[in-house]
Amino acid sequence: VVLPQGLESIGPGAFYACRSLAAPVLPSSLVYLGPKAFDKSLWVEDFLQRGEGDFLISGDVLVAYKGEAAEVSVPEGVRLIGPECFAGREALTSIVLPESLEIISEEAFLGCANLTQLSLPSRISIIRDRAFASTGLTEMELPASLHFLGVGAFDSGVNLQYLGSLPRQSAEEASLLLDNRQYRLPALSPSGRQGRVLVSGLSGIQASMEGLAEDYALSVEAGQAEDFAGAWDRVIVEAMPQGAYYRLRLMELTTDMELYDLGSHILTVQGALPPALQGVDVAGFTLDANGQLEALPLTLEEGIWTAQLSRVDGGILLLPREDWTMEWQRSADS
């Protein structure tokens, strides 16, 4: 991958789990590096497992850190510290930032509970959302060069002293930036290992998905009619006593990252029909990305239902196929 000079933004999860990505050079024009942009890539994984030194630096961007020292000095020449770079390093007590530093990304030092000593360099201009949340810092001088201060960049109890004009606080929808609906599931690993989908929650549910290099956890819980608020509310509430709704959450085990849109992957979920639906014709539904009711094709065989989903967050709704369901499906197909 050749990243051109002039590129200013690399979005969240842009190269997530790219198993063949090796040593891209990040341009000096880069202003925004999204969370998990290179996580699980060959480049980052190779550094974490076999790379020399504690810092993974590309151009003037510090992408990752794997040291365990209490006192750390970031090398001179680094202009941008990447998201989550030092996050969760509880051993870290003090850090020296280089004068070349201009940008500190989202959650760069999140959860460094014992970090108490840090001074911001005179050229710092951007501190993004939650960069120093949940640290041991109690006070901080913000240089006059700072013009962008993200939401929750420092804990509310930190005494902040502005040395210049008031920085512009982030109006970005940070929750959307961190939303992983666009993250891709890893492709099948070169070793050919087939990852598993481990099911928890309701008993009797099984799940599988082809082409995985990692293991995933699928949580299955019984849902309520209210979960479908806004999507055929009345008929759902009336039919729900005879039906069943399964709420699903799919997590990557190694990162605890929740996944929603599965892209080209298909999650197959299977379970036994509840007593109220045995011996009757059953219709399947889910919610689409806009929260609207959507028909979900089902396979029924000897009291076992099987559904295939390309999204997880819509769940699975099973209802008796009555007049309203057939009418709804006809209108949806037209």
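Rings of Phe, Tyr and Trp (its six-membered ring) are taken to pair if their centres lie within 6.5 Å, with planes under 30 degrees apart counted as stacked, over 60 as edge-to-face and the rest as tilted. By this rule, eight aromatic pairs are counted. In one of them, the ring centres of Phe-15 and Phe-38 are 5.2 Å apart and the planes stand at 0 degrees, so the pair is stacked. Phe-15 lies in the loop between β1 (9-10) and β2 (32-33), whereas Phe-38 lies in the loop between β2 and α1, so the pair ties together parts that are 23 residues apart in sequence. Phe-38 also forms an aromatic pair with Trp-43, which is edge-to-face at 5.1 Å centre to centre and 90 degrees between the planes.

The structure is a predicted model, in which local features need pLDDT of at least 70 and side-chain atom pairs count only at pLDDT 80 or more, while totals for chains, interfaces and linings use all residues. Residues are numbered from 1 along each chain as its sequence is written, and side-chain values use heavy atoms, with hydrogens and water left out. Helices (H or I, at least four residues) and strands (E, at least two) are DSSP runs, numbered from the N terminus. The protein chain contains four helices and 25 strands.

Confidence is expressed as pLDDT, the predictor's confidence in each residue, from 0 to 100. The protein chain has a mean pLDDT of 82, and 79% of its residues reach 70 or more. Confidence is highest in strand β6 (residues 80-81), at 98, and lowest in helix α2 (residues 174-177), at a mean of 43. Over residues 171-184, pLDDT stays under 50, and the model has 32 contacts for them beyond four places in sequence (contact means heavy atoms within 4.5 Å). Over residues 186-192, pLDDT likewise stays under 50, with 17 contacts beyond four places in sequence. Where pLDDT is low, the predicted coordinates should not be read in detail.

Of the 334 residues in the protein chain, 49% are buried. Among contacts with a separation of 6 or more in the protein chain, 44% are between residues 24 or more positions apart.

Helix α1 (residues 42-50) has Trp-43, Val-44 and Phe-47 as buried residues. Seen down the axis of α1, these residues fall within an arc of 95 degrees (taken from the directions from the helix axis to the C-beta atoms), so they line one face of the helix. The face turned away from the buried side of α1 carries Gln-49 and Arg-50, which are exposed. The cover over the buried residues of α1 includes β3 (55-58) and β4 (61-65).

Further aromatic residues are grouped together, as Phe-55, Tyr-65, Phe-86, Phe-109, Phe-132 and Phe-154 form one aromatic cluster. Charged side chains also lie over rings (NZ of Lys or CZ of Arg within 6 Å of the ring centre and within 35 degrees of the ring normal). Lys-66 lies over the face of Phe-47, at 4.8 Å from the ring centre, and Arg-128 lies over the face of Phe-148, at 5.4 Å from the ring centre.

Arg-89 is located in the loop between β6 and β7 (94-96). With a relative accessibility of 18%, Arg-89 counts as buried. Beyond its neighbours within four places in sequence, Arg-89 is in contact with Tyr-65, Lys-66, Gly-67, Glu-68 and Cys-112. Arg-89 and Leu-115 are 26 residues apart in sequence, and their C-alpha atoms are 8.7 Å apart in space.

Strands are treated as paired if DSSP finds at least two bridges between them. An open sheet is formed by three strands in the order β5-β7-β9, with parallel pairing. Its edge strands are β5 (71-73) and β9 (117-118), each pairing on one side only. Three bridges join β5 to β7, and Val-72 has Ile-95 in β7 as its bridge partner. Antiparallel pairing occurs between strand β20 (residues 267-272) and strand β24 (residues 304-309), which are joined by six bridges. Strand β23 (residues 298-301) is joined to β24 by four bridges and also runs antiparallel to β24. β23 and β24 form a hairpin with two residues between them, and Glu-302 in the turn has a positive phi of about 50 degrees.

Key:
Buried means under 20% relative accessible area, exposed over 50%, partly exposed in between (1.4 Å probe, protein chains only).
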